[in-house]
Amino acid sequence: MTEPGVDGLPAVLIALRSWQRPDEVRVPLHPGDIGWFWRFGPEATAAAVRTWSDGTRLVAVGLYDDGVLRLATDPGIDRGSAHAIADGVWGRNGALLATRGTFSADEPGVEVVEVRAADGVRAALRARGWVDDEPWTPLVRDLAEPVPDPRVRIVEVGPDTVDDRVAVQRAAFDSSTFTADRWRAMAAGPAYADARCLVAYDDGVPVAAVTVWSAGP
């Protein structure tokens, strides 16, 4: 288990893209999760990411975010690697340390591991005493079908409309720390090259916003 550093983050995004499966509704950690975290800057993003390798390739990527370790694994991961990942998550004190990649018995760590599409890792964590939390309810829509007219005006966010994007975000989430500067940091990251922010306007008023992240076909 290592920290990839800023220079290693593009390889992390490539691995995450390759692990997505159209027929798997339990979507693992997505390139867009890394991209959204990038609003805090590349150094903070690198410090929050952990990678596991079998010596030749990445087999797992984790993103630590406020007590939650969000984990994705190579779909072809073997049993030995699954147990090694569980050992890394578990640590000496039963938790992965939040920062700097070291373990300490007297420092806080992961409270929840979000590992949706890696059955082997989940089984290994259960064997170490972890218990299942509430399940996710995946929602899926085939975009090959026509999308009904939303009856609002949809605008792709750019420098001239970022303030509207920020205003909707902060109105929707009381604890949001989103700012125009953080949008610019996010938009400058490599994951955003395949992403778009959209704002919906109703009679000229910004009423909804979304960031759409792609992992390829």
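Asp203 is found in the loop that runs between strand 6 (195–202) and strand 7 (205–213), where helices (H or I, at least four residues) and strands (E, at least two) are DSSP runs numbered from the N terminus. The model is a predicted one, in which local features need pLDDT of at least 70 and side-chain atom pairs count only at pLDDT 80 or more, whereas totals for chains, interfaces and linings use all residues. Residues are numbered from 1 along each chain as its sequence is written, and side-chain values use heavy atoms, with hydrogens and water left out.

Although Asp203 is not a glycine, it has a positive phi of about 55 degrees. Its relative accessible area is 77%, and Asp203 is therefore classed as exposed (buried means under 20% relative accessible area, exposed over 50%, and partly exposed in between, with a 1.4 Å probe and protein chains only). A positive phi, of about 60 degrees, is also found at Arg151, which is not a glycine either. Arg151 belongs to the loop between helix 5 and strand 5, and with a relative accessibility of 77% it counts as exposed.

The structure holds 13 salt bridges, a salt bridge being a side-chain nitrogen of Lys or Arg within 4 Å of a carboxyl oxygen of Asp or Glu. One of them joins the side chains of Arg26 and Asp119, with an N to O distance of 2.9 Å. This pair links distant parts of the chain, since Arg26 lies in the loop between helix 1 (5–19) and helix 2 (31–37) while Asp119 lies in helix 5 (residues 119–127), 93 residues apart. Both partners are partly exposed, Arg26 at 28% relative accessibility and Asp119 with a relative accessible area of 43%.

A salt bridge is also formed by Asp87 and Arg128, whose closest N and O atoms are 2.8 Å apart. Here too distant parts of the chain are linked, with Asp87 in helix 4 (residues 79–90) and Arg128 in the loop between helix 5 and strand 5 (153–156), 41 residues apart. Asp87 has a relative accessible area of 45% and is thus partly exposed.

Within helix 7 (residues 180–187), Asp181 and Arg184 are three residues apart, about one turn of the helix, and their side chains meet in a salt bridge of 2.6 Å, N to O. In an α-helix there are 3.6 residues a turn, so residues three or four places apart point the same way. Asp181 counts as exposed at 54% relative accessibility, whereas Arg184, with a relative accessible area of 44%, is partly exposed. Elsewhere, salt bridges that share partners join Glu24, Arg26, Asp119 and Arg122 into one network.

Helix 1 is made up of 15 residues and reaches 21 Å from its first C-alpha to its last, close to the 21 Å expected at 1.5 Å a residue, the expected span being 1.5 Å times one less than the number of residues. Its buried residues are Gly8, Leu9, Val12, Leu13, Ala15, Leu16 and Trp19. The elements that cover these buried residues include helix 2, helix 3 (42–48), strand 1 (49–53), strand 2 (58–65) and strand 3 (68–73).

Phe40 is located in the loop between helix 2 and helix 3 and, with a relative accessible area of 35%, is partly exposed. When its neighbours within four places in sequence are left aside, Phe40 is in contact with Thr177 and Arg182, contact meaning heavy atoms within 4.5 Å. The C-alpha atoms of Phe40 and Gly158, which are 118 residues apart along the chain, are separated by 19 Å.
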